[in-house]
Amino acid sequence: MQSIISIQNVGKTYAGGFTALKSVDLEIERGEIFALLGPNGAGKTTLISIVCGITNPTSGTVLADGHNIQREFRAARSKIGLVPQELSTDSFESVWNTVTFSRGLFGKAPNPAHIEKILRQLSLWDKKDSRIMALSGGMKRRVMIAKALSHEPAILFLDEPTAGVDVELRRDMWEMVRGLRDNGVTVILTTHYIEEAEEMADRIGVINHGELVLVEEKHALMQKLGKKQLTIHLQNPIDTLPQGLDAFGLDLADEGNQLVYTFDTQREHTGIAELLRALNQQGIEFKDLHSSESSLEEIFVNLVHQNQHARQPAG
Ligand SMILES: Nc1ncnc2c1ncn2[C@@H]1O[C@H](COP(=O)(O)OP(=O)(O)OP(=O)(O)O)[C@@H](O)[C@H]1O
């Protein structure tokens, strides 16, 4: 099946000569939640702005549901809802009028039932007659989402949707995004909260210095790059590691009370059985074992770090 968004060879050099995107290729599948991660200034907003037709690329093409964003702007844009990073809604208008007006901008016939549905979904129904400027920051953010959904887009972009919102609203928004996906909407979000990507995304793309350094299904990514650690709590502390355990690359922790064994989740044999046998042979007794998996956050930090090292000139 054709991807809902096709980004081919997209590059962007700003007027001042700064290259924010090099040559990005990315296919977004219909109905997925795709999280775009990257440090500040990596090029996430630039990429989103190009896909939404707000910024022109210096090279390459973008198709939204088969429509070229530059040559067929109206058709392509009508497929897209965008919730920008900055809250720009601060008017005297009511919530209802604001959201209804947004729909009209896309040339869609009025549909009060649809507007009511999204306001209810976003817990804004009882605020429908309130002026935007009288709402809290969290409520304003919900209005931004309602506006983006007003014309029934097939694709929703959320640029940092939960920056600065409280935990409750964040959870509500995750719930809402999942609901949208269940209704067939494709969601692309950027976030600095790795937890958010870990919780929500089907696939993850990592962008760094204007390059897409990785695109992977979330579980595969965690499987592939994740490391597991086994912590062995010893019966009696030891000062040094016996030579017989050299092959395992163990670390001594907690003043000799713990041994930490790190292994790749990808490997067929974890080596745990051998390690436990070796401990037994060395007469090292333990009272507890505890294993943990690296989080997406650790994986992400490693990736961005590696990428930075790779970019530094040798010498
Ligand atoms: N209009 C512009 N003119 C010149 N440079 C720009 C312009 N807009 C963005 N940039 C630069 O392009 C780079 C990428 O910016 P962009 O906003 O896309 O990053 P981002 O990944 O969204 O960052 P953040 O996480 O901080 O939002 C930055 O170095 C930024 O300074």
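**View 1. In the helix pair α3 and α5, Val-95, Thr-98, Val-99 and Ser-102 of α3 meet Val-143, Ala-146 and Lys-147 of α5.** Contact requires C-beta atoms, placed from the backbone, within 7 Å. By class, the contact of α3 with α5 holds four nonpolar, two polar and one charged residues. Here Ala, Val, Leu, Ile, Met, Phe, Trp, Tyr, Cys and Pro count as nonpolar, Asp, Glu, Lys and Arg as charged, and the others, Gly among them, as polar. Helix α3 (residues 95–105) and α5 pack at an angle of about 35°, and their axes are 7 Å apart. Axes are lines fitted to C-alpha atoms, for helices over the stretch in contact, and angles run from 0 to 180 degrees between N-to-C directions. The crossing of α3 and α5 is right-handed, meaning that the near helix is turned clockwise from the far one; a left-handed crossing has it turned anticlockwise by less than a right angle. Helices (H or I, at least four residues) and strands (E, at least two) are DSSP runs numbered from the N terminus.

**Model and numbering.** This is a predicted model, in which local features need pLDDT of at least 70, side-chain atom pairs count only at pLDDT 80 or more, and totals for chains, interfaces and linings use all residues. Residues are numbered from 1 along each chain as its sequence is written. The average pLDDT (the predictor's confidence in each residue, from 0 to 100) of the protein is 87, and 91% of the residues score at least 70. The ipTM is 0.95 and the pTM 0.77.

**View 2. The six-stranded open sheet has the order β6-β7-β8-β3-β9-β10, with mixed pairing.** Strands pair if DSSP finds at least two bridges between them. The edges are β6 (80–83) and β10 (211–217); each has a single partner strand, so one side of each lacks a neighbour in the sheet. On average, neighbouring strands of this sheet are turned by 15° against each other, direction ignored. Strands β7 (residues 155–159) and β8 (residues 186–191) run parallel and are joined by five bridges; Phe-157 has Ile-188 in β8 as its bridge partner. Helix α5 (residues 137–149) packs on the sheet and touches β6 and β7, its direction making about 165° with that of β6. Helix α1 lies across β3 (33–37), β7, β8 and β9 (203–208), at about 150° to β7.

**View 3. Strands β9 and β10 pair in the antiparallel sense over six bridges.** Ile-204 stands opposite Glu-216 in β10. The hairpin of β9 and β10 has two residues between the strands, and His-209 takes a positive phi near 50°.

**View 4. Four strands form an open antiparallel sheet in the order β2-β1-β4-β5.** At the edges stand β2 (19–28) and β5 (67–68), each with a single partner strand, so one side of each is left without a neighbour in the sheet. Two bridges join β4 (residues 59–64) to β5, and Ala-64 stands opposite His-67 in β5. Helix α1 packs on this sheet, touching β1, β2 and β4, and its direction makes about 120° with that of β1.

**View 5. The residues around the ligand include Gly-41, Gly-43, Lys-44, Thr-45 and Thr-46.** A residue is near the molecule if its C-beta atom, placed from the backbone, lies within 6 Å of it. Also in the shell are, among others, Tyr-14, Phe-18 and Asn-40. Helix α1 (residues 44–51) supplies the largest share, three residues. The shell has four nonpolar, seven polar and one charged residues.

Methods:
Contact = placed C-beta atoms within 7 Å.
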